[in-house]
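Here is a short briefing on one structure. Please read it alongside the sequence and the coordinates.

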Amino acid sequence: MIKRALETRVGEFKDVDSAVAFAALEVQRLLTDPNLIKQTKVNPKKQFVESQDFQAAVTEAVAANQDAHNTMADYFFTDGPAINSIIIALADAFYEAAVDQQVDS
């Protein structure tokens with residue numbers, strides 16, 4: 001669904017896959033906001049898209065994710081066991097998600 005929405009604006013993104021990953025991360029963060037969920041239930045889509053609350057929440061989510069990403073990238077590229085620990089954690093998470101995806105297919 002996210003990829004389809006972004007592909008309609010493909011000319012705006014040089015790397016659609018990166019944009020999809022970015023959007024998926026942001027959507028997951030925004031789904032934790034009960035106020036935004038409530039607004040989707042009481043407003044038509046056009047009005048929701050134009051919501052100042054949603055725009056502010058997106059700005060906050062992007063800033064928070066940037067800080068988290070930068071912190072993890074800094075940690076990853078330090079000397080020591082950081083790289084291996086992160087790779088193992090990512091492999092574990094990826095494996096579980098891939099297995100779940102196969103079951104759902």
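A57 is buried, with a relative accessible area of 11%; buried means under 20% relative accessible area, exposed over 50%, and partly exposed in between, using a 1.4 Å probe and protein chains only. The residue sits in helix α5. This is a predicted model, in which local features need pLDDT of at least 70, side-chain atom pairs count only at pLDDT 80 or more, and totals for chains, interfaces and linings use all residues. Residues are numbered from 1 along each chain as its sequence is written, and side-chain values use heavy atoms, with hydrogens and water left out.

- Leaving aside neighbours within four places in sequence, A57 is in contact with L30, D33 and L36, where contact means heavy atoms within 4.5 Å.
- A57 and E26 are 31 residues apart along the chain, and their C-alpha atoms are separated by 9.9 Å.
- The largest nonpolar core has five residues: L30, L36, F48, A57 and A61.
- A nonpolar core is a set of buried Ala, Val, Leu, Ile, Met, Phe, Trp, Tyr and Cys residues joined through side-chain atoms within 4.5 Å.
- In soluble globular proteins, nonpolar side chains tend to be buried together.
- L30 touches L36, F54, A57, V58 and A61, not counting residues up to four places away in sequence.

**Helix α5**

- Helix α5 covers residues 52-76, 25 residues in total.
- From first C-alpha to last, α5 reaches 36 Å, close to the 36 Å expected at 1.5 Å a residue; the expected span is 1.5 Å times one less than the number of residues.
- At the start of α5, a side-chain oxygen of S51 reaches to within 3.1 Å of the backbone nitrogen of D53.
- A57, A61 and N65 are buried in α5.

**N65 and V62: buried or partly exposed?**

- N65 lies in helix α5 and counts as buried because its relative accessible area is 11%.
- N65 touches L25, E26 and R29, not counting residues up to four places away in sequence.
- V62 is also placed in helix α5.
- V62 counts as partly exposed because its relative accessible area is 28%.
- V62 and L25 are 37 residues apart in sequence and 9.3 Å apart in space, C-alpha to C-alpha.

**Whole chain**

- The protein chain has six helices and zero strands; helices (H or I, at least four residues) and strands (E, at least two) are DSSP runs, numbered from the N terminus.
- Along the sequence, the pattern is α-α-α-α-α-α.
- Of the 105 residues, 15% count as buried.
- Among contacts between residues at least 6 apart in sequence, 30% join residues at least 24 apart.
- The accessible surface comes to about 8,500 Å², of which 60% belongs to carbon and sulfur atoms.
- Accessible areas come from the Shrake-Rupley method with a 1.4 Å probe; for residues, only the protein chains shown count as cover.

**Confidence**

- The protein chain averages a pLDDT of 77, and 73% of the residues score at least 70; pLDDT is the predictor's confidence in each residue, from 0 to 100.
- Among the elements, helix α1 (residues 2-7) has the lowest mean pLDDT, 59.
- Helix α3 (residues 34-42) has the highest, 92.

Notes:
Polar contact = N/O pair within 3.5 Å; in protein donor to acceptor, adjacent residues only side chain to side chain.
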